[in-house]
Amino acid sequence: MVETILGRLRAATADAHQSLETRLNIVEQLTAPAARRRLAERFHAWHVGSESAMAPLLSDIVGLGYAGRRRSVELASDLAVLGGQPQTGRRIPAPANSAEAMGRLYVLETLTLGGKAIARQVAARGLNMKGLSFLDPYGAEAGERWRKFVLIAEREGAVSDKACEAMVRGAVAGFSQAERWLCEPTVAA
């Protein structure tokens, strides 16, 4: 049986994904207003940096609709609602190529899909959703948008072994960046 690109991405990032979830402990952070604001600031900074670094490489990928996958607009609105300030002046290095950028986008899309589940957990605890629209930016379209992303990632990763390896490398780097930006008190460029 031939392993899918998605399977390779999941296998390669499983430990990093689990480490991020454990360290971030996002549902607990969303219970206190100050922690919620700080977390939204970190998410915003990470998304702005990541989206800017990937845009030149992903904007022209057929069918991806990269502009519509950017979450920084929702995060900026959430920051305004929470009284937070956009974090500026920090940059994320650009991926080496479009395959590596697709790997990093895998991380953002995975966290977007997970955000929907997190929003349900927050609501189940009876907490308000103030400033948390970024957790579920796609709403009812989340499943369809995920499936479309997976199809495009499979297509782009199947171009060559080198492309698949670059995508995996990008995903591993993306989870490392996410953990660094979202979990550490101070992030250096």
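Cys-183 is buried, with a relative accessible area of 17%, where buried means under 20% relative accessible area, exposed over 50% and partly exposed in between, using a 1.4 Å probe and protein chains only. Cys-164 is buried too, at 3%, and the disulfide count is zero, a disulfide being a pair of cysteine sulfur atoms within 2.5 Å. This is a predicted model, in which local features need pLDDT of at least 70 and side-chain atom pairs count only at pLDDT 80 or more, while totals for chains, interfaces and linings use all residues. Residues are numbered from 1 along each chain as its sequence is written, and side-chain values use heavy atoms, with hydrogens and water left out.

**Salt bridges**

- The model has ten salt bridges, each one a side-chain nitrogen of Lys or Arg within 4 Å of a carboxyl oxygen of Asp or Glu.
- One of them joins Glu-179 to Arg-23, with the closest N and O atoms 2.9 Å apart. Glu-179 sits in helix α7 (residues 161–183) and Arg-23 in helix α1 (residues 5–24), so this pair ties together parts that are 156 residues apart in sequence. As for the helix labels, helices (H or I, at least four residues) and strands (E, at least two) are DSSP runs, numbered from the N terminus.
- Is each end of that pair buried or exposed? Glu-179 is buried at 14% relative accessible area, whereas Arg-23 is partly exposed at 42%.
- Glu-28 and Arg-125 form another salt bridge, at 2.8 Å from N to O. Glu-28 belongs to helix α2 (residues 26–29) and Arg-125 to the loop between α5 (98–124) and α6 (142–157), so the link spans 97 residues of sequence.
- Both ends here are partly exposed: Glu-28 has 37% relative accessibility and Arg-125 has 46%.
- Arg-70 and Glu-51 also pair up, with an N to O distance of 3.5 Å. Arg-70 is in the loop between α3 (33–58) and α4 (72–82) while Glu-51 is in helix α3, so the two tied parts are 19 residues apart in sequence.
- Arg-70 is partly exposed at 29%, but Glu-51 is buried at 2%.
- Glu-100, Arg-104 and Arg-169 are linked in a network of salt bridges.

**How α3 meets α7**

- Two packed helices are described by the angle between their axes and the distance between the axes.
- For α3 and α7 the angle is about 145° and the axes are 9 Å apart. These axes are lines fitted to C-alpha atoms, for helices over the stretch in contact, and the angles run from 0 to 180 degrees between N-to-C directions.
- Which residues make the contact? From α3 they are Leu-39, Arg-42, Phe-43, Ala-45 and Trp-46, and from α7 they are Gly-174, Gln-177, Ala-178, Trp-181, Leu-182 and Cys-183. Contact means heavy atoms within 4.5 Å.
- By residue class, this contact splits into eight nonpolar, two polar and one charged. Ala, Val, Leu, Ile, Met, Phe, Trp, Tyr, Cys and Pro count as nonpolar, Asp, Glu, Lys and Arg as charged, and the others, Gly among them, as polar.

- Phe-43 is in helix α3 and is buried, with a relative accessible area of 4%.
- Setting aside neighbours within four places in sequence, Phe-43 is in contact with Leu-24, Ile-26, Leu-75, Phe-134 and Leu-182.
- His-47 is another residue of α3, buried at 1%. Beyond its neighbours within four places in sequence, His-47 is in contact with Arg-71, Leu-75 and Leu-108.
- Glu-51, also in helix α3, is in contact with Tyr-66, Arg-70, Arg-71 and Ser-72, again leaving aside neighbours within four places in sequence.

**The loop between α2 and α3**

- Thr-31 is found in this loop and is partly exposed, at 35% relative accessible area.
- What does Thr-31 touch, not counting residues up to four places away in sequence? Its partners are Arg-125 and Leu-127.
- Thr-31 and Ala-119 are 88 residues apart in sequence, and their C-alpha atoms are 12 Å apart in space.
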